[in-house]
Amino acid sequence: MFATLGRRTALHAARRTAQHQAKRRMGGGAAAAPEWTGIDKVVRGYFPKDEDMVVAISGGYLGLFLLFKIKSALSGSPEEEAPAVAAAAPASASAGEIPDVDSEEFGAFLESEENVAKLVESFEK
């Protein structure tokens, strides 16, 4: 008896919940179009939809960017001569110093077996 009563109560509650459940109405009724005034009215005369406004604004910024790039390419500053840099005499790797890996002397340094041994010892330290 109690089992039947429990099932009937659960069934009744399920039906009641389904009947009173909130329903979503996405994009329901059509909203009235806003009344544009001033400059908005003029602009919306040419670009009535929001998508048109986005394209127009993006196109305006792109146009400004391209004009600036073209102007700077055409009226670029004349290239100045770089001042002559006096080449410093390369300091030789004297007194057992290991030259920098990026220097031109490093290749000559590696030609000697003794120097290679020094380099390996410096790695092990």
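Phe 106 and Phe 109 are both buried in this predicted model, and the two residues belong to helix H4, which covers residues 105-109. Since they stand three residues apart in that helix, about one helical turn separates them. A pair of aromatic rings is described by the distance of the centres and the angle of the planes. The count of such pairs comes to one here. The ring centres of Phe 106 and Phe 109 lie 6.3 Å apart and their planes meet at 25 degrees, so the pair is classed as stacked, given that the cut-off for stacking is an angle under 30 degrees.

| Residue | Relative accessibility | Location |
|---|---|---|
| Trp 36 | 35% | loop between helix H1 (2-20) and helix H2 (39-46) |
| Leu 66 | 42% | helix H3 (residues 50-74) |

Trp 36, placed in the loop between helix H1 and helix H2, is in contact with Lys 41 and Arg 44 when its neighbours within four places in sequence are left aside.

Leu 66, for its part, is one of the residues of a nonpolar patch on the surface, which it forms with Leu 62, Phe 65, Ile 70 and Leu 74. Together, the residues of this patch have about 540 Å² of accessible area.

Technical notes. Residues are numbered from 1 along each chain as its sequence is written. This is a predicted model: local features need pLDDT of at least 70, side-chain atom pairs count only at pLDDT 80 or more; totals for chains, interfaces and linings use all residues. Side-chain values use heavy atoms; hydrogens and water are left out. Rings of Phe, Tyr and Trp (its six-membered ring) pair if their centres lie within 6.5 Å; planes under 30 degrees apart count as stacked, over 60 as edge-to-face and the rest as tilted. Helices (H or I, at least four residues) and strands (E, at least two) are DSSP runs, numbered from the N terminus. Buried means under 20% relative accessible area, exposed over 50%, partly exposed in between (1.4 Å probe, protein chains only). Contact means heavy atoms within 4.5 Å. Patches are made of residues with over 30% relative accessible area and no salt bridge: like charges are joined within 9 Å, nonpolar side chains (Val, Leu, Ile, Met, Phe, Trp, Tyr) within 5 Å. Accessible areas come from the Shrake-Rupley method with a 1.4 Å probe; for residues, only the protein chains shown count as cover. A salt bridge is a side-chain nitrogen of Lys or Arg within 4 Å of a carboxyl oxygen of Asp or Glu.
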